[in-house]
Amino acid sequence: MIGGLMPAGGSAPATMGLIQQLFNAGSFVGPSVAAWPATRTGGWHSTWWITCACAAIGAALSLGLRSVAAVESARPATAGAVR
């Protein structure tokens with residue numbers, strides 16, 4: 001999977017590191033973002049919309065990556081290209 005996400009001539013470990021850093025940033029920022037409406041409204045009952053919004057964004061990004069991967073796989077391989 002990482003091979004399909006890295007740029008041509010890119011490094012798989014660098015791509016995996018970037019994905020890991022983005023995951024960690026979300027784990028760091030996410031609880032604070034969820035706590036903001038909870039403190040404003042006085043309870044966690046108001047945070048459902050954040051979960052839905054994040055799920056919708058994730059689905060849209062997944063569909064976007066899927067279409068990029070489809071375009072990449074349909075592109076003819078060039079001689080001597082390393083993937």
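The accessible surface of the protein amounts to about 6,600 Å², and carbon and sulfur atoms account for 72% of that area. The model is predicted, and its pLDDT averages 82, with 78% of the residues scoring at least 70. Of the 83 residues in the protein, 11% are buried. The secondary structure consists of 3 helices and 0 strands.

**Fold and confidence**

- Along the sequence, the elements of the protein are arranged in the pattern α-α-α.
- Helix α1 covers residues 2-5 and has the lowest mean pLDDT among the elements, at 68.
- Helix α2 covers residues 12-41 and has the highest mean pLDDT among the elements, at 90.
- Helix α3 covers residues 48-74, and Trp48 is placed in this helix.

**Nonpolar surface**

- Phe28, Val29 and Val33 together make a nonpolar surface patch of about 310 Å².
- Val29, one of the residues in this patch, belongs to helix α2.
- The relative accessibility of Val29 is 42%, so this residue counts as partly exposed; the class lies between the buried limit of under 20% and the exposed limit of over 50%.

- Thr15 is a residue of helix α2.
- Thr15 is classed as buried because its relative accessible area is 12%, and the cut-off for burial is under 20%.
- From Thr15, the side chain reaches the backbone oxygen of Ser11 at a distance of 3.0 Å.
- Ala35 is also located in helix α2, and its relative accessible area of 26% makes it partly exposed.

**The loop between α2 and α3**

- Thr47 is situated in the loop that lies between α2 and α3.
- With a relative accessible area of 13%, Thr47 is buried.
- A polar atom of the Thr47 side chain lies 2.8 Å from the backbone oxygen of Trp44.
- Thr47 and Ala35 are 12 residues apart along the chain, and their C-alpha atoms are separated by 8.0 Å.

**Start of helix α3**

- Trp48 lies in helix α3 and is 14 residues from Ala34 in sequence.
- The C-alpha to C-alpha distance between Trp48 and Ala34 is 9.1 Å.
- Trp48 is classed as exposed because its relative accessible area is 57%, and the cut-off for exposure is over 50%.

**Cysteines**

- The structure contains 0 disulfides.
- Cys52 takes part in no disulfide, and the nearest cysteine sulfur, that of Cys54, is 9.5 Å away.
- Cys54 likewise is in no disulfide, and the nearest cysteine sulfur to it is that of Cys52, at 9.5 Å.

Terms used
Residues are numbered from 1 along each chain as its sequence is written. This is a predicted model: local features need pLDDT of at least 70, side-chain atom pairs count only at pLDDT 80 or more; totals for chains, interfaces and linings use all residues. Side-chain values use heavy atoms; hydrogens and water are left out. Helices (H or I, at least four residues) and strands (E, at least two) are DSSP runs, numbered from the N terminus. Buried means under 20% relative accessible area, exposed over 50%, partly exposed in between (1.4 Å probe, protein chains only). Accessible areas come from the Shrake-Rupley method with a 1.4 Å probe; for residues, only the protein chains shown count as cover. pLDDT is the predictor's confidence in each residue, from 0 to 100. Patches are made of residues with over 30% relative accessible area and no salt bridge: like charges are joined within 9 Å, nonpolar side chains (Val, Leu, Ile, Met, Phe, Trp, Tyr) within 5 Å. A salt bridge is a side-chain nitrogen of Lys or Arg within 4 Å of a carboxyl oxygen of Asp or Glu. A polar contact is a pair of N or O atoms within 3.5 Å; within protein, one must be able to donate a hydrogen and the other to accept it, and residues adjacent in sequence count only if both atoms are side-chain atoms. A disulfide is a pair of cysteine sulfur atoms within 2.5 Å.
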